[in-house]
Amino acid sequence: MRDFALFEPTTIEEASSLLAENGGKATILAGGTDLLVGWKEGIATPKSVVSLAQISGLDSIAYDENTGLSIGGMTKMRAIEQSSTIRNRYTALAEGASEVGSIQIRNLATLGGNICNASPAADTVAALLVFGAQLEIASTYGERTIPIRDFFVGPGESSLQHGEIVTRLVCPPRPDNSGSHYIKQKIREVMDLAFIGVAASVELAHGVVADVKIGLAAVAPTPIRATDAENILKGNSLSESILEQAASAAAEQSSPISDLRCSAEYREDMVRVLTKRTIQASAARI
Amino acid sequence: MKKHLVSFTVNNDQYDLLVEPRKTLLAVLRDSIGLTGTKEGCSTGDCGACTVTVDGKSVTSCLMLAASANGKAIKTIEGLSSGSSLHPLQHAFIDKGGYQCGFCTPGFIMASKAFLEENPNATEAEVRHALGGNICRCTGYTKIIEAVMSAAELMRSARQAR
């Protein structure tokens, strides 16, 4: 295994300039659960590694009624899964985080890492899509904020530029009469990647859907929102026929591939099944 | 490559070491400090044989750089017993036969310790789920789970006695 230089900056500015100085040769180390595996397998061959672990304030979880949920990019998956605020108000995100690896992995893996690897199957991303997360990104050139929906470009590719660091995620406050859920289709109970991941958030008012968001993982080149299905549901009650229509529209909007886990046809059909199930479970939580 | 000065405690002993950036915590525990109770199985975080606790939380030490452990308190299987008195988990693994070849045992015990300290009243289903990141190649899961459930009981009564 190739050796590398390790930098442990204590500020974002320092980290960003180290990444810039080292051109395309530096890699960010967050939790390391993907980077170290890639490095051991010879897929990642960093010459310089910039660890974000010594920068304070990047691993906090805060909730404010007016501004919503704010999570530092270096927050561990296990902390997200165990946060009572996230479990109560952003349930699908806690469920997504709890699906990553094992407890040992979740004590290392970070939310920022799960997002920035840009895997179409990332367990937290379907939930972050339905909660309308905004990513706060810092670099030596300043800061920018973008919706997570615009962040992903393709499998393993995001719009993150060299020298940029995802410092925080902010999700807007949750309405009272809403519920959310994430379902991961998998073979093993733990330590498995999603065949299909579906997250939903449902807000009901007087028995009809006031708002709904559906996020799909592992069924397109990037995690996506099933907007056609959302539009079918809005303004309607959750009747069997409306649910069926919406679920089919979600399947229609997916563009899965066949791989060693399962076939494209299976994935598409399971999007239909799981979308319906996820919406029903979200509504049952209200 | 420039070595990093890393200071941490392992089983309450202080260590100040110069380590190469590429050394994992697992490599330093085994090769530099000589604590070979912690095992290397897959080395990609899948098998859990390298589980230790860092500030009380279980981690796969094969996926953590030793440099990242600076300032932390690490506990390995060697630090569980106090003198000749075994930890309840060690007792239970012996009593219930919770091992065959023994290679996965330190990882199972360290993962169980961290989980039971957080969840002293865990059900068997919860324990099985929590140990999903540990693999036993001898397929001895039934006895392992029996051992952990029995240790949980021992740990609860020890807590009450205090």
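Predicted model: local features only at pLDDT ≥ 70, side-chain atom pairs only at ≥ 80, totals over all residues.
Local features require pLDDT of at least 70, side-chain atom pairs count only at pLDDT 80 or more, and totals for chains, interfaces and linings use all residues. Residues are numbered from 1 along each chain as its sequence is written, while chains are lettered from A and ligands numbered from 1 in the order in which they are written.

Chain A is divided into domain 1 (5–51), domain 2 (61–171) and domain 3 (188–284). These bounds come from an automatic or database domain assignment. Between the C-alpha centres of domain 1 and domain 2 of chain A lie 19 Å. Across this boundary, 14 residues of domain 1 of chain A are in contact with 17 residues of domain 2 of chain A. Contact requires the C-beta atoms of two residues, placed from the backbone, to lie within 7 Å. Helix H1 (residues 12–21) of chain A gives the most to the domain 1 side, with 7 residues. Helices (H or I, at least four residues) and strands (E, at least two) are DSSP runs, numbered from the N terminus. The domain 1 side that touches domain 2 of chain A comprises 6 nonpolar, 6 polar and 2 charged residues. Here Ala, Val, Leu, Ile, Met, Phe, Trp, Tyr, Cys and Pro count as nonpolar; Asp, Glu, Lys and Arg count as charged; the others, Gly among them, count as polar.

An open sheet of 3 strands in chain A has the order S1-S3-S2, with parallel pairing. Two strands pair if DSSP finds at least two bridges between them. S1 and strand S2 (26–29) of chain A are the edge strands, each pairing on one side only. Neighbouring strands are turned by 25 degrees against each other on average, direction ignored. Axes are lines fitted to C-alpha atoms, for helices over the stretch in contact, and angles run from 0 to 180 degrees between N-to-C directions. S1(A) and S3(A) are joined in the parallel sense over 3 bridges. Leu6(A) stands opposite Val49(A) in S3(A).

A further open sheet has 5 strands in the order S4-S5-S10-S6-S7 (chain A), with antiparallel pairing. Strand S4 (61–64) and strand S7 (142–147) of chain A each have a single partner strand, so one side of each lacks a neighbour in the sheet. S4(A) and strand S5 (residues 68–72) of chain A run antiparallel and share 4 bridges. Asp64(A) has Gly68(A) in S5(A) as its bridge partner. H1(A) packs on this sheet, touching strand S6 (134–139) and strand S10 (165–171) of chain A. The direction of H1(A) makes about 130 degrees with that of S10(A).

Between the chains, 23 residues of chain A are in contact with 27 residues of chain B. Strand S1 (5–7), helix H2 (35–40), strand S3 (48–51) and helix H6 (103–106) of chain A each give two or more residues to this side. By class, the chain A side has 13 nonpolar, 7 polar and 3 charged residues.

Chain B contains 5 helices and 5 strands. Along the sequence, the pattern of chain B is β-β-α-β-β-β-α-α-α-α. The radius of gyration of chain B, taken over C-alpha atoms, is 16 Å, close to the 15 Å given by the globule rule (2.2 Å times the number of residues to the power 0.38) for 162 residues, so chain B is as compact as a globular protein of that length. Along the principal axes, the C-alpha atoms of chain B fill a box of roughly 50 × 35 × 25 Å.
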